[in-house]
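Hello,

Here is the structure I promised to pass on to you. Please have a look at it first, and then read on for what turned up in it.

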Amino acid sequence: MWFKRVVPRLFPASVRTVEGTKWGYINESGKFVLKPQYGDAGDFQENGLAIVRLKGAGVINQTGRFVVEPKYSSISPFTEGRAVAMDDKGFLIINEKGKVLTSKSYSFISPFQEGRAVFQITDENGKIVYGYLDLNGKEVIPPKYQYAFDFNDGRGLVQVKEKEYALIDLNGKQLQTFPYEQMNGYSEGLLSFQKTYQDKAGYVDEAGKVVIEPKFGMALPFQDGRAVVNASTDYKNEFGLIDKKGAYIIPPKYNDINILGGNRASVGKAINATEPYLGSVYAIADTQSGKLLTDFIYSSVNDFQDSYSSVTQDETSFFITKKGTRATGLPVIRGIGTLTLAGSIIKAFVDQRLTYYARNGNVVYSQNITIPLSGKVFIREEKYMPNKDYLVYFPQLDGMKDENAEKRVNQVLKKKSQVKPIDPNAQLDYSYSGDFSVRFFQKALLILELVGYNFPFGAAHGMPSQIEVPINIKNGSIYVLKDLFKPGSDYVKVLSEIIGKQIAASEDGYYFPDAYKGISPDQPFYVNNESLFIYFQPYEIAAFAAGFPTFEIPFSEIESIINKEGDFWKSFH
């Protein structure tokens, strides 16, 4: 008799080291089965495969064997036995054995849905057009549309031209056309539409008949017979929930509404009615009756997973039932984040850290908070969270022989990490998160990278920050750029000219014309064994998309001005 081998469930977990954060996989007991070795690690999917990063992105099975070599810049999760991978040429389709199914690369491919994936190319006229691939990677519907949505129930919505959409079948046959300027995806037999961008939104059926008259500022696709709409047409938040006849199940007076599955929705009331962009506090509603099952008590609510949803309230995270009340027999976790039932344990991504818990609340596995350096010196991770919207993990050194030097260094690290007084009871108009990692460590030189992200609520994006702190862990010196060079050397001029040449030779279109004027004497920098790296902040000399423009200058190129007898150079040589 043959018995099917049962492979134990594995879960991604991380360890912090001086070489960076390494990921591996633990079992339900919290023991590593696949040792920490990856730069990143995703969950194992139902097909028994997981996407990991080791130099590049690849795919492993539960024995740790690569079924797709780690050679891609990214790989999306598998859908319908296929994944979208990306290399330096573009997007392509691979199967679960890593075989490339597409005959060429594309500028974009979406995940598969109903055996079709939207792809994008630029045609011979320089125009972006869309079509569909089948599961074999073949262009089953040619690229001729201005836009294309995913298929749903055998129907796909495409934009044929300006003011004309069409509904097609899986083979590309045109079933119906619509004379509208704006439409949304097909779902449950209905499509939202706006005659022009200035008009209100309503719904038509697949024959083009107007089923719900246009009266909304925004109309989302239907889910389980319900759709979220915004009754306001002047950019206010008046969200409600309608049925397929257009009748309100939940009246249009809320800051936001999210359908959660299982006939439940979260209904948001603005924290501050005069500043709705600051966010919402949520109640749980029955989407069939429209009845609110709870008061407005939750800070965030996630989709239902089976019979449970993960929520946050104040500064705790826990599960609720479909009644909207806390689930008994499952733990309450201190911190803000998302909980997921994973086999016999709970996966908790809370306060920007991943921890696993048993169902009784005991910790099964958590990432280490100390990083050994040399001798008795180590980095200790500290957490500062004075407010629900302000979270910083910052480094502190322990074990230095000179206790006064250690105290000075730790004060600097704390200040540079943005640990500062924050009113715990205030509703901030922004969120801030900070973290750190080891950029470089050799002999006595430790370079810590402090990163942050300030996000003003309501903004299109936030502003990242990056600070490199080069520390001598023996004497406590914190180096600046001039410490690398001989006294009296015009290092600013030399480095400025080298970087200027690199910018002139660059083919990137990110740099602002005439923005680069050279470096400052205290320009941000870091080093490794072989090179000096000079970097700039976002928007300083280039567009936001360029991130932190960084220029590598090999030591061999500036050897004549390096002070090799100086404390900085000797700290890592």
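This is a predicted model: local features need pLDDT of at least 70, side-chain atom pairs count only at pLDDT 80 or more; totals for chains, interfaces and linings use all residues.

What does Arg16 form a salt bridge with? The partner is Glu381, and the closest N and O atoms of the two are 2.6 Å apart. This pair links distant parts of the chain: Arg16 belongs to strand S1 (residues 11-17) and Glu381 to strand S39 (residues 378-387), 365 residues apart. Glu381 counts as buried too, at 11% relative accessibility.

The side chains of Arg380 and Glu382 meet in a salt bridge, at 2.2 Å from N to O. Are these residues buried or partly exposed? Glu382 counts as partly exposed at 26% relative accessibility, and Arg380 counts as partly exposed at 23%.

Arg380 also forms a salt bridge with Asp398, where the closest N and O atoms are 2.5 Å apart. Arg380 lies in strand S39 and Asp398 in strand S40 (residues 390-398), so this pair ties together parts that are 18 residues apart in sequence. Asp398 is buried, with a relative accessible area of 16%. There is a network as well: salt bridges that share partners join Arg16, Arg353, Glu381 and Asp435. In total, the structure holds 19 salt bridges.

Now for the chain as a whole. The protein chain has 46 strands and three helices. How many of its residues count as buried? The figure is 48% of the 573 residues. Along its principal axes, the C-alpha trace spans about 80 × 70 × 60 Å. Of the contacts with a separation of 6 or more, 37% are between residues 24 or more positions apart. The accessible surface of the protein chain comes to about 28,600 Å², and carbon and sulfur atoms account for 50% of that. As for charge, the chain carries 64 positive and 65 negative charges, whose mean positions are 4 Å apart.

With the strands in mind, here are two sheets you can trace on screen. Strands of a sheet pair through backbone hydrogen bonds, either parallel or antiparallel.

To find the spot, look for Asp40, which stands opposite Arg53 in S5.

Another open sheet has four strands in the order S11-S12-S13-S14, and the pairing there is antiparallel. Strand S11 (108-109) and strand S14 (139-145) are the edge strands, with each pairing on one side only. Between strand S13 (residues 128-133) and S14, the antiparallel pairing runs over three bridges. One place to look is Leu133, whose bridge partner in S14 is Glu139.

Best wishes

Notes: Residues are numbered from 1 along each chain as its sequence is written. Side-chain values use heavy atoms; hydrogens and water are left out. Helices (H or I, at least four residues) and strands (E, at least two) are DSSP runs, numbered from the N terminus. Buried means under 20% relative accessible area, exposed over 50%, partly exposed in between (1.4 Å probe, protein chains only). Contact means heavy atoms within 4.5 Å. Accessible areas come from the Shrake-Rupley method with a 1.4 Å probe; for residues, only the protein chains shown count as cover. Lys and Arg count as positive and Asp and Glu as negative; His and the chain ends are not counted. The place of a charge is taken as NZ of Lys, CZ of Arg, CG of Asp or CD of Glu. A salt bridge is a side-chain nitrogen of Lys or Arg within 4 Å of a carboxyl oxygen of Asp or Glu. Two strands pair if DSSP finds at least two bridges between them.
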